[in-house]
Amino acid sequence: MPIVVFSYDENKTEKTEYMISFPFFHVLTFNFLMLELRKKNWRDYIESNNPVAAALLSKMGYKETEKVQVKKEF
C-alpha cells in the first residue's frame, strides 16, 4: 500500500495522486494515502510504543509555546 509522508514545516494542501501524461497519451495515474505530520497533534502519539512515531514527533503540529515541552517529552 503506497503511503506518502509529508513533513513540511507549514500547512500545505497536497493531492493524493501523481499523474504522468502527454497531450496525446495518458501514461500513468498513481494513487496513494497521505500522512501530513503537521496536521497531527503530537500529544496523540507521545505515549506510543512505535519508534517511528517518536522519530516523527518533532514534525507534528504543536504551538510555539509547546516547543520546549515537546522536546522534553521526546
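The following paragraphs go through the structure from its overall form to single residues.

This is a predicted model, in which local features need pLDDT of at least 70 and side-chain atom pairs count only at pLDDT 80 or more, while totals for chains, interfaces and linings use all residues. Residues are numbered from 1 along each chain as its sequence is written, and side-chain values use heavy atoms, with hydrogens and water left out.

The protein has two helices and four strands. These elements are DSSP runs numbered from the N terminus, where a helix is a run of H or I with at least four residues and a strand is a run of E with at least two. In sequence order the pattern is β-β-β-β-α-α. The protein is more spread out than a compact globule, because its radius of gyration is 16 Å, well over the 11 Å that the globule rule gives for 74 residues. Here the radius of gyration is taken over C-alpha atoms, and the globule rule is 2.2 Å times the number of residues to the power 0.38. The C-alpha trace spans about 55 × 25 × 15 Å along its principal axes.

Next comes the surface. The protein exposes about 6100 Å², and 55% of this is supplied by carbon and sulfur atoms. Accessible areas come from the Shrake-Rupley method with a 1.4 Å probe, and for residues only the protein chains shown count as cover. A residue is called buried under 20% relative accessible area, exposed over 50%, and partly exposed in between (1.4 Å probe, protein chains only). Of the 74 residues, 15% count as buried. Among contacts between residues at least 6 apart in sequence, 42% join residues at least 24 apart.

The strands β2 and β3 pair in the antiparallel sense over six bridges; two strands pair if DSSP finds at least two bridges between them. A hairpin joins β2 to β3 through two residues. I20 has L28 in β3 as its bridge partner. M19 is in strand β2 and touches H26, L28 and T29, not counting residues up to four places away in sequence. M19 and T29 are ten residues apart in sequence, and their C-alpha atoms are 4.5 Å apart in space. M19 counts as partly exposed because its relative accessibility is 45%.

Which residues form a nonpolar patch on the surface? They are Y18, I20, F22, F24, F25, V27, L28 and F30, with about 840 Å² of accessible area together. The elements that give two or more residues to this patch are β2 (17–22) and β3 (25–31), and β3 gives the most, with four residues. Patches are made of residues with over 30% relative accessible area and no salt bridge; like charges are joined within 9 Å, and nonpolar side chains (Val, Leu, Ile, Met, Phe, Trp, Tyr) within 5 Å. F24 lies in the loop between β2 and β3, and F24 counts as exposed because its relative accessibility is 71%.

Strand β4 (residues 33–36) contains E36. Is E36 buried or exposed? E36 is buried, because its relative accessible area is 18%. Leaving aside neighbours within four places in sequence, E36 is in contact with F6, K12 and E14. Side chains of opposite charge can pair when their charged atoms come close. A salt bridge is a side-chain nitrogen of Lys or Arg within 4 Å of a carboxyl oxygen of Asp or Glu. By this rule there is one salt bridge. K39 forms a salt bridge with E36, and the closest N and O atoms are 3.4 Å apart. K39 counts as partly exposed, because its relative accessibility is 48%.

L37 is in the loop between β4 and α1 (51–56). L37 counts as buried, because its relative accessibility is 2%. Apart from neighbours within four places in sequence, L37 is in contact with V5, F6, S7, L56, K59, M60 and G61. L37 and P23 are 14 residues apart in sequence, and their C-alpha atoms are 35 Å apart in space.

The walk ends in helix α2 (residues 67–73), where V68 is found. V68 is exposed, because its relative accessible area is 56%. V68 and M1 are 67 residues apart in sequence and 35 Å apart in space, C-alpha to C-alpha.

Conventions:
Contact = heavy atoms within 4.5 Å.
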